[in-house]
Amino acid sequence: MSLDGTLQERIEHWFAQGAAAIGNKEAETAFLELRQGLETGELRSAEPDDSALKWRVNAWIKRGILLGFRLGALAQMGSTEGLSFVDKATYPARRFAVEDGVRVVPGGSSVRAGAYVSKGVVVMPPAYVNVGAYVDEGTMVDSHALVGSCAQIGKMVHLSAAAQIGGVLEPVNASPVIIEDDVLVGGNTGVYEGTVVRKRAVLAAGTVLTRGTPVYDLVRGEIYKATAEMPLVIPEGAVVVPGSRAVNKGKGQEWGLSISAPVIVKYRDEKTELSLVLEDVLR
């Protein structure tokens, strides 16, 4: 295929070739262009639009990332005397310079090639940002936090210690997780399977959100669920805490069991804002 085609056309072509793309220089060139575009933020696996979800998923980006894994051979990386690791040669760890404006605190963090990290981002050790992720300005990725492949993280987000933001590659999922601006994700929280968390929401420590998780809104009297067409969406400003709901049939009822269920107990107000003042100090 001619290199005159658009990047998307070239990626789609070489992805469709399967193993035949391995070792092909044109395939490698197309992938490297994709990786560079992801690192600069010019390309994104999902981006805002005017749809009902308010986001458009660019599925071809995911295919390009998978192409990179297919093309890459295992290689020894790092220093033979210091930190050493073995990974696909197409996905080395990113290196940041002072002029990038990204604060990566020493202690075992890693940002994979093909991830965008904006100026003003703080990465505390140890943390991991995977390929295709987009981490916007002023966000803090705290200790033991994961930003999964292709996850979209907005401005001034705090991913607290041990927060897990799932990706589209682990496990494979059609849509990336999207965390919009000014969201606080509490410690040991997990957001997976394409869930969208709207602006200014607060996820309390230990909250787990998946495609199969119903969320109970005590304020508005609503139950939020994913559908065949739409992922789970957490409303703007919602404060979500871990809760439970009773099992009302069979042995579950007999044994008095309950199942975990995230609950919206309030929406952000002045008291919530005061509790977040520490964020600015930490940044």
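1. Leaving aside its neighbours within four places in sequence, which residues is Lys 199 in contact with? They are Glu 180, Asp 181, Val 183, Glu 236 and Gly 237, where contact means heavy atoms within 4.5 Å. Before going on, a word on what we have here: this is a predicted model, in which local features need pLDDT of at least 70 and side-chain atom pairs count only at pLDDT 80 or more, while totals for chains, interfaces and linings use all residues. Residues are numbered from 1 along each chain as its sequence is written, and side-chain values use heavy atoms, with hydrogens and water left out.

2. Staying with Lys 199: this residue sits in the loop between strand 19 (196–197) and strand 20 (202–203). Helices (H or I, at least four residues) and strands (E, at least two) are DSSP runs numbered from the N terminus. Lys 199 counts as partly exposed because its relative accessibility is 40%; the scheme is buried under 20% relative accessible area, exposed over 50%, and partly exposed in between, with a 1.4 Å probe and protein chains only. One of its contacts, Glu 236, is 37 residues away in sequence, yet the two C-alpha atoms are 5.0 Å apart.

3. Lys 199 also turns up at the second largest pocket, where Pro 48, Trp 55, Glu 180, Asp 181 and Lys 199 lie nearest the centre out of 16 lining residues. A pocket, on a 1 Å grid over the protein atoms alone, is an open set of points where a 1.4 Å probe fits, with protein on both sides within 12 Å along at least five of seven lines; lining residues have an atom within 4 Å of a point. The space in this second pocket is about 280 Å³, a volume being what is filled by probe spheres set on the points, which are joined across faces, edges and corners. Its lining divides into nine charged, five nonpolar and two polar residues. For those classes, Asp, Glu, Lys and Arg are charged; Ala, Val, Leu, Ile, Met, Phe, Trp, Tyr, Cys and Pro are nonpolar; and the others, Gly among them, are polar.

4. Now the largest pocket, with about 500 Å³ of space. Its lining runs to 22 residues, and Leu 83, Phe 85, Ala 93, Ser 109 and Ser 110 are the ones nearest its centre. Strand 3 (74–78), strand 4 (84–88) and strand 6 (110–111) are the elements giving two or more residues to that lining. By class, this lining has 12 nonpolar, six polar and four charged residues.

5. Worth a look on the backbone: Pro 125 and Pro 126 are joined by a cis peptide bond, with omega about -20°. Pro 126 lies in the loop between strand 8 (122–123) and strand 9 (128–129). Most residues other than glycine have a negative phi, and most peptide bonds are trans.

6. Ser 143 touches both of those prolines, along with Met 124, Ser 160, Ala 161 and Ala 162, not counting residues up to four places away in sequence. A polar atom of the Ser 143 side chain lies 2.7 Å from the backbone oxygen of Pro 125. Ser 143 is in the loop between strand 11 (140–141) and strand 12 (146–147), and counts as buried because its relative accessibility is 19%.

7. Two non-glycine residues have positive phi: Ala 162, at about 70°, and Lys 54, at about 75°. Ala 162 is in the loop between strand 14 (158–159) and strand 15 (164–165), and its 21% relative accessibility is why it counts as partly exposed. Lys 54 lies in the loop between strand 1 (46–48) and strand 2 (55–57), and is partly exposed because its figure is 49%.

8. Thr 207, in the loop between strand 20 and strand 21 (208–209), counts as buried because its relative accessibility is 1%. A polar atom of its side chain lies 2.8 Å from the backbone oxygen of Ala 204.

9. Overall, the protein has six helices and 26 strands. Its radius of gyration is 20 Å, close to the 19 Å from the globule rule for 283 residues, so it is as compact as a globular protein of that length; the radius is taken over C-alpha atoms, and the rule is 2.2 Å times the number of residues to the power 0.38. Buried residues make up 47% of the 283.

Definitions and conventions:
Polar contact = N/O pair within 3.5 Å; in protein donor to acceptor, adjacent residues only side chain to side chain.
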